[in-house]
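These notes go through the model point by point, with the aromatic side chains taken up in some detail. Please read them alongside the sequence and the coordinates.

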Amino acid sequence: MKRFVIKVAVFTGLVLLISLLIHFVYLQNGETKSSNDYLSAIEDKHCRLQKIDSCHNRIIFAGGSNLAFGINSKSVQDSIGIPVVNLSLHAGLGLDFILNELYDVVKDGDIIVLSVEYNISKKGDYELQNFLYEQYPAIKQYIPNFYYSRLLRNVDIFQDELRYLVFGEEQHKQIDNVYYRGGFNDYGDVIAHLDKSAPAYLSGRVKVSDNSDELINAINKFADRLVGRDIKLFFAFPAYSQTEYDKNRVAVDGWVSAFNRQLKVTILGNARDFILPDSMFFDTVYHLNKMGRENRTAKIINLLKHYIKISILQKK
């Protein structure tokens with residue numbers, strides 16, 4: 001009986017090991033791509049960058065989903081006369097990821113508008129980063145501590161496989177009616193939500209913690225790396241719902257105050273410009289609806305026009 005139990009255990013272990021190895025190979029070769037997943041839109045955004053690469057100037061929006069949902073890039077392009085791409089995807093990718101991506105794609109003549117959420121982390125979520133890598137392996141260099149991150153991700157895969165083999169449980173991803181690759185336009189903006197009815201309640205209501213120092217240091221170091229190049233870097237505070245600001249007023253005001261004092265980057269407007277009524281948000285406290293998106297876009301256009309005019313005058 002003991003020998004039989006040992007054989008079963010060895011056989012089960014081998015099955016699990018083979019299953020894990022198969023999944024690892026598939027992931028390394030991009031075999032598990034979900035081509036219509038929301039995060040897969042990063043490939044289209046990079047294609048847009050390449051399409052306008054020959055232009056002397058480009059406006060690049062970068063940050064979390066507050067920008068993915070919260071700007072009308074075509075209006076910006078039409079108003080200012082400079083090609084626009086919106087690289088923004090998800091705050092969960094982390095500030096380091098966003099800045100690494102930016103540094104890889106920017107060139108002289110670019111104008112960058114960076115906007116991150118009040119609850120963004122510097123390192124980001126390894127699971128989200130690795131899921132994105134599995135969709136688009138070209139972003140490997142943007143993930144901090146990549147190989148350690150992959151190890152953690154493969155442990156997760158092993159656990160999922162074990163759960164499936166033992167309990168028959170399997171996770172199935174469904175395409176959301178807003179959060180999918182086809183929900184973006186050619187500029188990189190989410191537009192799938194614009195004509196949809198908003199949910200009854202806004203999600204994303206979390207307590208804001210003050211991690212402003214490490215975020216400011218990261219952005220300042222990024223700005224230092226751009227010194228000597230003909231690149232304009234601006235920061236804009238995120239769109240944020242009024243009721244959520246009221247709950248987190250002390251923490252947000254401290255975050256904003258630190259940015260205003262310590263950031264080496266020109267800030268477009270002030271935080272209060274982008275704290276808007278809840279009626280201007282779609283499904284989270286950061287995601288603007290059609291009305292809110294146009295409100296914020298108009299403000300960004302006016303602010304950019306002002307600073308671009310100053311920059312032109314300084315060159316003369």
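1. Helices (H or I, at least four residues) and strands (E, at least two) are DSSP runs, numbered from the N terminus. On that basis the chain has 11 helices and 7 strands. This is a predicted model, in which local features need pLDDT of at least 70 and side-chain atom pairs count only at pLDDT 80 or more, while totals for chains, interfaces and linings use all residues. Residues are numbered from 1 along each chain as its sequence is written, and side-chain values use heavy atoms, with hydrogens and water left out.

2. Of the 316 residues in the chain, 49% are buried (under 20% relative accessible area; exposed is over 50% and partly exposed in between, with a 1.4 Å probe and protein chains only). Among contacts (heavy atoms within 4.5 Å) between residues at least 6 apart in sequence, 81% join residues at least 24 apart.

3. The whole structure holds 14 aromatic pairs. Rings of Phe, Tyr and Trp (its six-membered ring) pair if their centres lie within 6.5 Å; planes under 30 degrees apart count as stacked, over 60 as edge-to-face and the rest as tilted. Phe-97 and Tyr-142 form an edge-to-face pair, because their planes stand at 85 degrees, with the centres 5.6 Å apart. Phe-97 is in helix H5 (residues 95–105), and Tyr-142, 45 residues apart from it, is in the loop between helix H6 (126–135) and helix H7 (146–167). Both Phe-97 and Tyr-142 are buried.

4. Phe-234 and Tyr-307 have ring centres 5.7 Å apart and planes at 45 degrees, so this pair is tilted. Phe-234 belongs to strand S4 (residues 232–235) and Tyr-307 to helix H11 (residues 290–315), so the pair ties together parts 73 residues apart in sequence. Phe-234 is buried, at 6% relative accessibility, whereas Tyr-307 is partly exposed, at 26%.

5. Ring pairs also join Tyr-118, Phe-235, Phe-237, Tyr-240, Trp-255, Phe-259 and Tyr-286 into a cluster.

6. Two arginines deserve a look. A charge sits over a ring if NZ of Lys or CZ of Arg is within 6 Å of the ring centre and within 35 degrees of the ring normal. Arg-225 lies over the face of Tyr-103, 3.6 Å from the ring centre. The charged end of Arg-296 sits over the ring of Phe-274, at 5.7 Å from its centre.
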